Every structure is written in C-alpha cells, then in structure tokens.
Amino acid sequence: MGGGEWPHAVMQAHRGALVAQAIARALSEAMAERGMSANALARKSGVNRQVIANVLNGTVWPDMLTVVDLEGALGVMLWPVHVEWRIPAPGEAPEGYNDEAEGSSPAGSSASDGVG
C-alpha cells in the first residue's frame, strides 16, 4: 500500500491489488446498505464468515467463485470494470479515487467506466 488504511488506502501500481481493493470496498458498501453482517452474508451466500472478514480486511484476495457467490447473495456486482484503468505511479492515487466524495468511484476507476 502507498498509504492510508484498507480498503481506502492508496495502492501501489498493481492491477490485482486495485481490483481486490475495489471488491472489498464494494462488498463493505453493499453489506452496509443492506444492514447485513458477515454472519448473515455467510449464511445467505455459503461463503465462510472468516473468508468474508478476510476479504473485507484485505488479508486475502477473493477467488472468482467467492465473488460470484457474494454477488448472488447481495444482488449486486462486486467485480469492477477495470480493464481501462490507468495504473497509477507509486504513491499516486488511482484515477477517479476520491475518498472524501460521496458516491466516489472504486479505486482506480474512471467516471466513464459505469462503476460507482
């Protein structure tokens, strides 16, 4: 990480890390919007509660099947549209990153990617 705390930290220039961070942020936001705990999401999704906690904390990057199960249980897309993201220089905030703004785009996304 380049600075700050997960999942709102400025990440180093690594596309996988940016995607994992965006998934963790989207997961956290979706759970909060639904008032859903990790235990409740685990029951609904079939994903182990500790795995959910680890994804939220950034200690693991979720595999594709985990993301699909969580998306199905929450009814939202967690995987960001990331293929056009510009990889930031070390210590530079990803394009579109604004932790202060309400409705900010996921880390590394741009306003034109349709994710928000």
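Guide: From the N terminus on, the elements run α-α-α-α. The chain holds four helices and zero strands. Keep in mind that this is a predicted model.

Visitor: What share of the chain counts as buried?

Guide: Of its 116 residues, 42% do. The chain exposes about 6300 Å². Carbon and sulfur atoms supply 52% of that area.

Visitor: Why is Leu 65 called exposed?

Guide: Exposed needs over 50% relative accessible area. Leu 65 has 59%, so the label holds. Leu 65 sits in helix H4, residues 64-74.

Visitor: What makes the nonpolar surface patch that includes Leu 65?

Guide: Met 64, Leu 65 and Val 68 make it. The patch covers about 340 Å². Nonpolar side chains are joined into a patch within 5 Å, and each residue needs over 30% relative accessible area. Leu 65, at 59%, therefore clears that accessibility cut-off.

Visitor: Which residues of H4 are buried?

Guide: Thr 66, Val 67, Leu 70, Glu 71, Ala 73 and Leu 74 are.

Visitor: How do you know that they line one face of the helix?

Guide: Look down the axis of H4. The buried residues fall within an arc of 165°, so they line one face. On the other side, Met 64, Leu 65 and Gly 72 are exposed. An α-helix has 3.6 residues a turn, so residues three or four places apart point the same way.

Visitor: What do the buried residues of H4 pack against?

Guide: They pack against H1, H2 and H3.

Visitor: Which residues touch the most other members of the largest nonpolar core?

Guide: That core has 18 residues. Leu 27, Met 31, Leu 41, Ile 52, Leu 70, Leu 74 and Leu 78 touch the most other members. Helices H1 (15-34), H2 (38-45), H3 (49-57) and H4 each supply at least two residues of this core. H1 gives the largest share, six residues.

Visitor: What does Ile 52 touch, leaving out residues up to four places away in sequence?

Guide: Ile 52 touches Leu 27, Met 31, Ala 38, Leu 41, Ala 42, Ser 45, Val 47 and Leu 70. In soluble globular proteins, nonpolar side chains tend to be buried together.

Visitor: What makes Glu 33 and Arg 34 a salt bridge?

Guide: The cut-off is 4 Å, from a side-chain nitrogen of Lys or Arg to a carboxyl oxygen of Asp or Glu. Here the N to O distance is 3.5 Å. That is within the cut-off, so the pair counts. The count for this model comes to one salt bridge.

Visitor: Why do Glu 33 and Arg 34 get separate accessibility labels?

Guide: Glu 33 has 65% relative accessibility, so it counts as exposed. Arg 34 has 35%, so it counts as partly exposed.

Conventions: Residues are numbered from 1 along each chain as its sequence is written. This is a predicted model: local features need pLDDT of at least 70, side-chain atom pairs count only at pLDDT 80 or more; totals for chains, interfaces and linings use all residues. Side-chain values use heavy atoms; hydrogens and water are left out. Patches are made of residues with over 30% relative accessible area and no salt bridge: like charges are joined within 9 Å, nonpolar side chains (Val, Leu, Ile, Met, Phe, Trp, Tyr) within 5 Å. Accessible areas come from the Shrake-Rupley method with a 1.4 Å probe; for residues, only the protein chains shown count as cover. Buried means under 20% relative accessible area, exposed over 50%, partly exposed in between (1.4 Å probe, protein chains only). A nonpolar core is a set of buried Ala, Val, Leu, Ile, Met, Phe, Trp, Tyr and Cys residues joined through side-chain atoms within 4.5 Å. Contact means heavy atoms within 4.5 Å. The arc is that of the directions from the helix axis to the C-beta atoms.
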